[in-house]
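Please look through the structure below before reading on.

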Amino acid sequence: MTLQECYEKLQGDYEGTLGRLCSEKLVEKFALKFLADDSFAHLEESMSRGNYSEAFRAAHTLKGVSLNLGFTRLHKASDEITEALRGGEKPENEALLEKVKEEYERTVAALLELQNG
Amino acid sequence: MRSKVLIVDDQEMNREILTAILEKDYPILEADGGRKAISMIQQHQDEIAVVLLDLIMPEVDGFAVLEVMRKQAWLKNIPVLVITAESKAGVESKCFEMGVSDFIKKPFDNAIIRNRVKNIVDLFSYKNQLEQKVEKQTETLKKQYKLLVMQAEKLKESNTKIIDILGTVVECRNLESGEHVKRVKNFTRILAEQMMEDYPEYGLTQDKIEVIVSASALHDVGKIAIPDSILLKPARLTKDEYEYMKSHTTRGCEVLNNVTDVWDETYSKVSYEICRHHHERYDGKGYPDGLAGDAIPISAQLVGLADAYDALVSERVYKSAYSEDEAFHMIVSGECGVFSPKLLECFRKVKKKFEALNQAQKQKQQQQ
């Protein structure tokens, strides 16, 4: 699987990301690094403990990283939950975390396929 | 030379991407939080060209780092670019208020980031260089000014020295009034300071008074050209002798004209005025030129009165000393020269000071 195919699978913005970072090597290096990123786990855990200001920071981080890597769908989902968590209150819409989880898993699955060739 | 870029972000991947974009152009420093950032800026404050700062970090956040940078006056020399994905309104303007130079927005864009960093680094390096230059020039100017002041001081010293030398000549020649010169100086100073306070129209300043006081020592310099037979005659002078005695004013001016090139113009001018005109009278009946009113230079008016007072309260070969009260009334009533009403007004005010000075000097003489 090529990098471009991987981006197609996770429905990300390959052209835009390559344009910004100027090097396919760099995009691939950082995209694969996302597998080690723990901000989603952190978000899930903070939500379950009811620590919403901690959850806000984790969501904010996930949003920034996915934006930088051009993971468009994950960015959109994490952006929504970030805004809902701003202020440190429990979000009214409980489906937001589910949405992030779904996109996160889609992204990770595509990246793992890329990593395994 | 500042050349390093400090990247402050708790997110490792953000630091890595920014490093990858910038490391070809700048040495990179990294901090994973606000606290580490502050200690690194402190440690490397003369090497850091720009700080890239994330706002949202656990514990010490970006705003706290900015606050410290502002308080420590680091923001004056180190620009800050804020790394942000913030879409919240008001954050940008708050950042500008806190002294942030610009923003680096997510998603990171290689070309935009490189240009933005280069622009701000170049701008601040130019600004810092200009400031250094101005500082250096100010330093040089200060040094030059100090030198000028020293030279002026030296010039003043040599002017005073010339007057002292001439004054000593007068003293040596005119045996009876070795202390006279010093007393006239002190009376002149008291009177001049009162005039400065009450009548600003004469334009007296502390500096001008110093010149007048110093130059007053030369009021009788012409007496070195008067023969002892007249100068030290213990009896009333004949009319011819008196006329000759009066010529000490113009003879003094001849002496001064001979040294005129050696010293400062202010000193020679004031010395000349005093020497020539200290026997003029306010009503125009004095000598040598018969000047009237304020056509008589203020320096000569001041020394004229001081000289007259001292002559009255001192013992001379031809007369005994008058009491201080007698001397005061003789001057005020016009028995002993005619003076400007303004000058007499000041004289009345400083009567006590004149008397105290006279007493102190008498005591000093008795001790000797």
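This is a predicted model: local features need pLDDT of at least 70, side-chain atom pairs count only at pLDDT 80 or more; totals for chains, interfaces and linings use all residues.

## How helix axes are compared

## Two helix pairs in chain B

In chain B, helix H12 (residues 298–313) and helix H13 (residues 324–332) have axes that come within 9 Å and cross at roughly 140°. The crossing of H12(B) past H13(B) is right-handed. On the side of H12(B), the contact is made by Leu305(B), Ala308(B), Tyr309(B), Leu312(B) and Val313(B), while H13(B) contributes Glu324(B), Ala327(B), Met330(B) and Ile331(B).

Another pair in chain B consists of helix H6 (residues 180–198) and helix H7 (residues 206–216), which pack at an angle of about 155° with their axes 9 Å apart. That angle makes H6(B) roughly antiparallel to H7(B), and the crossing is right-handed. Among the residues of H6(B) that meet H7(B) are Val184(B), Thr188(B) and Ala192(B), and the residues they face in H7(B) include Ile209(B), Ile212(B) and Val213(B).

## The sheet of chain B

Strand S1 (residues 4–8) of chain B is joined to S2(B) by four bridges and to S3(B) by five bridges, running parallel to S3(B). Towards S2(B), Val5(B) has Ile28(B) as its bridge partner and Val8(B) stands opposite Ala31(B), whereas Ile7(B) stands opposite Leu52(B) in S3(B). Four of the five residues of S1(B) are buried, so this strand is largely enclosed by the rest of the structure.

In helix H3 (residues 62–71) of chain B, the residues Gly62(B), Val65(B), Leu66(B) and Met69(B) are buried. They cover an arc of only 100° around the axis, which puts them on the same side of H3(B). What covers these buried residues includes S1, helix H2 (34–43), S3 and S4 of chain B.

Helix H4 (residues 91–97) of chain B contains Cys95(B). Is Cys95(B) buried or exposed? A residue counts as buried if 20 or more other C-beta atoms lie within 10 Å of its own, and Cys95(B) is buried because it has 23 such atoms within 10 Å. Leaving aside residues up to four places away in sequence, Cys95(B) touches Val82(B) and Val100(B). The C-alpha atoms of Cys95(B) and Gly62(B) are separated by 9.9 Å, although the two residues are 33 apart along the chain.

## Backbone details

Most residues other than glycine have a negative phi, and most peptide bonds are trans. Glu59(B), in the loop between S3 and H3 of chain B, has a positive phi near 60°. Ala73(B) lies in the loop between H3 and S4 of chain B, and its phi is also positive, near 65°. Glu59(B) is exposed, with 9 other C-beta atoms within 10 Å, and Ala73(B) likewise counts as exposed, with 9 C-beta neighbours inside 10 Å.

Which residues of chain B are joined by a cis peptide bond with omega about 0°? They are Lys106(B) and Pro107(B), and Pro107(B) has its place in the loop between S5 and H5 of chain B. Another cis peptide bond joins Tyr287(B) and Pro288(B), with omega about 5°, and Pro288(B) is found in the loop between helix H11 (265–277) and H12 of chain B.

## Chain A

The secondary structure of chain A comes to seven helices and zero strands. Buried residues make up 42% of the 117 residues in this chain. Among contacts in chain A between residues at least 6 apart in sequence, 56% join residues at least 24 apart.

Key
Residues are numbered from 1 along each chain as its sequence is written. Chains are lettered from A and ligands numbered from 1 in the order in which they are written. Two strands pair if DSSP finds at least two bridges between them. A residue is buried if 20 or more other C-beta atoms lie within 10 Å of its own, exposed if 12 or fewer, and partly exposed in between; C-beta atoms are placed from the backbone. The arc is that of the directions from the helix axis to the C-beta atoms. Two residues are in contact if their C-beta atoms, placed from the backbone, lie within 7 Å. Axes are lines fitted to C-alpha atoms, for helices over the stretch in contact, and angles run from 0 to 180 degrees between N-to-C directions. A crossing is left-handed if the near helix is turned anticlockwise from the far one by less than a right angle, and right-handed if clockwise. Angles under 35 degrees count as roughly parallel, over 145 as roughly antiparallel, 65 to 115 as roughly perpendicular and the rest as oblique.
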